[in-house]
Amino acid sequence: MSSSTDNSAASVSNKKRPVIAIHGGAGAITRASMSAEKEQHYLAELERIVSSGQAILAAGGSALDAVTEAVRLLEECPLFNAGKGAVFTHQGTHELDACIMDGRTLDAGAISCVNHIRNPILTARKVLEVSPHVMFTGAGAETFAREQGQEMVGAEYFFTQERYDQLQRAIAADSGVLLDHDGASQSNDPLDPERKFGTVGAVAMDALGNLAAATSTGGMTNKQAGRVGDSPIIGAGCYASNHTVAISSTGTGEVFMRTVAAYDVAALIEYAGLSLEEATHKVVQEKLLPLGGIGGMIAVDRFGNVALPFNSEGMYRGFARVGDAPSVSIYRS
């Protein structure tokens, strides 16, 4: 699989088959410090999760349902920085963000700075479905979640020793804000502990041609409580429109927000007539990098084309078209 694009020679009709893509963060590669067993664990989880979304689409399910379930499963997997296994703030707490968008209606739901909601993406979905508002934050988001019967958990649910040790190293080194696994020098994570960007996401096109996108994150290690990144921001970390494309981003959140990166891809397609590959390349390689924006995104356009571009050395990623075997990768090809 190409590191940036689905380069299959599929016909247009084949490309219109339902498809889902997922990501679990981007960063630099340190193959020498990582065990083959750990790498296979990551790849197996990526394949399991993308296959679950693929199965929903194969059964005639909606793109919205497929991305919701894929991101819920990513939140449940402690290998990734969302939900269980979320990173710690400087204050030793967890703050989680999520966003979901329906390309058919442009309806969206988002939450930020929550710390008792087991699956933030499910609450974001509830915001989309039942609230006249688009985004809730903090205590208001948690009140909404409780009113909607969402599963609430204590702080201990999100705890993992590796993430806690990572915070302690960051504080001891006075090294400031770290993204996802940064500073976890003892980790055998396939991505470089010093340069890894955490977030999870999914994008999909269903049998009716509807698009959807979802993004979720545990934030940045050692960040100040209350900081919000791009993940719950429509147009930055998440965007979907049936007229153009579905996007989920991962990387340097502040730069993705400043460039409105996800929507910029849609605008380049709609107004400049660029292809999916051209538009994502322009944003990820030409617009983000000069501002120090490191990371990537996953995208499915209205024709069913898939792009998985990144300007870091690697990105946890996978995609699966209905009828085909899933393809998952970490490194550049």
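Tutor: Start with helix 3 (residues 63–76) and helix 4 (residues 120–130): their axes cross at roughly 150° and come within 8 Å. Keep in mind that this is a predicted model.

Student: Which residues in helix 3 and helix 4 meet?
Tutor: From helix 3 you have Leu-64, Asp-65, Thr-68, Val-71, Arg-72 and Glu-75, and from helix 4 Pro-120, Ile-121, Leu-122, Arg-125 and Leu-128. By class, that contact has six nonpolar, one polar and four charged residues.

Student: What about helix 2 against helix 3, what angle and what axis distance?
Tutor: Helix 2 (residues 36–58) packs on helix 3 at about 160°, and the axes are 9 Å apart. That makes helix 2 roughly antiparallel to helix 3. Helix 2 passes helix 3 in a right-handed crossing.

Student: Who makes the contact?
Tutor: Helix 2 brings Arg-48, Ile-49, Ser-52, Gly-53, Ile-56 and Leu-57, while helix 3 brings Ala-63, Asp-65, Ala-66, Glu-69, Ala-70, Leu-73 and Leu-74. The residues of this contact of helix 2 with helix 3 divide into eight nonpolar, two polar and three charged. Asp-65 is listed here, and Asp-65 is also listed in the contact with helix 4.

Student: Which residues of helix 8 are buried?
Tutor: Ala-261, Ala-262, Asp-264, Val-265, Ala-266, Ala-267, Leu-268 and Ile-269.

Student: And what do those buried residues of helix 8 pack against?
Tutor: Strand 10 (238–240), strand 11 (245–251), helix 7 (253–258), helix 9 (276–288) and strand 12 (295–301).

Student: Take helix 9 from that list. At what angle do helix 8 and helix 9 pack?
Tutor: About 135°, with the axes 9 Å apart. That makes helix 8 oblique to helix 9. The crossing of helix 8 and helix 9 is right-handed.

Student: Which side chains and backbones am I looking at there? I mean, which residues of helix 8 and helix 9 meet?
Tutor: On helix 8, Ala-261, Asp-264, Val-265, Leu-268 and Ile-269; on helix 9, Leu-276, Ala-279, Thr-280, Lys-282, Val-283, Lys-287 and Leu-288. The contact of helix 8 with helix 9 has eight nonpolar residues, one polar and three charged.

Student: What happens just after helix 8?
Tutor: Gly-273 sits there with a positive phi of about 75°.

Student: Speaking of positive phi, which residues other than glycine have one? Start with Leu-106.
Tutor: Leu-106 has a phi of about 65°. Leu-106 lies in the loop between strand 2 (96–102) and strand 3 (108–114), and it is partly exposed at 45% relative accessible area. Cys-113 is another one, with phi near 55°.

Student: Where is Cys-113 found, and is it buried or exposed?
Tutor: Cys-113 is in strand 3. Its relative accessible area is 13%, so Cys-113 counts as buried.

Student: New topic: Ser-248. Where is it found?
Tutor: In strand 11. Ser-248 counts as buried, at 0% relative accessibility.

Student: What does Ser-248 touch, beyond residues up to four places away in sequence?
Tutor: His-23, Val-200, Gly-201, Ala-202, Val-203, Ala-214, Thr-215, Gly-237, Met-297 and Ile-298. Also, Ser-248 and Ser-216 are 32 residues apart in sequence, with their C-alpha atoms 9.3 Å apart.

Student: And Lys-16, where is that one?
Tutor: In the loop between helix 1 (12–15) and strand 1 (19–29). Lys-16 is partly exposed, at 37%. Its C-alpha is 7.4 Å from that of Gly-209, 193 residues apart along the chain. Setting aside neighbours within four places, Lys-16 is in contact with Met-205, Arg-302 and Phe-303.

Student: Last one: how many helices and strands are there in the protein chain?
Tutor: Nine helices and 15 strands. Of the 333 residues, 60% count as buried.

Key: Residues are numbered from 1 along each chain as its sequence is written. This is a predicted model: local features need pLDDT of at least 70, side-chain atom pairs count only at pLDDT 80 or more; totals for chains, interfaces and linings use all residues. Side-chain values use heavy atoms; hydrogens and water are left out. Helices (H or I, at least four residues) and strands (E, at least two) are DSSP runs, numbered from the N terminus. Buried means under 20% relative accessible area, exposed over 50%, partly exposed in between (1.4 Å probe, protein chains only). Contact means heavy atoms within 4.5 Å. Axes are lines fitted to C-alpha atoms, for helices over the stretch in contact, and angles run from 0 to 180 degrees between N-to-C directions. Angles under 35 degrees count as roughly parallel, over 145 as roughly antiparallel, 65 to 115 as roughly perpendicular and the rest as oblique. A crossing is left-handed if the near helix is turned anticlockwise from the far one by less than a right angle, and right-handed if clockwise. Ala, Val, Leu, Ile, Met, Phe, Trp, Tyr, Cys and Pro count as nonpolar, Asp, Glu, Lys and Arg as charged, and the others, Gly among them, as polar.
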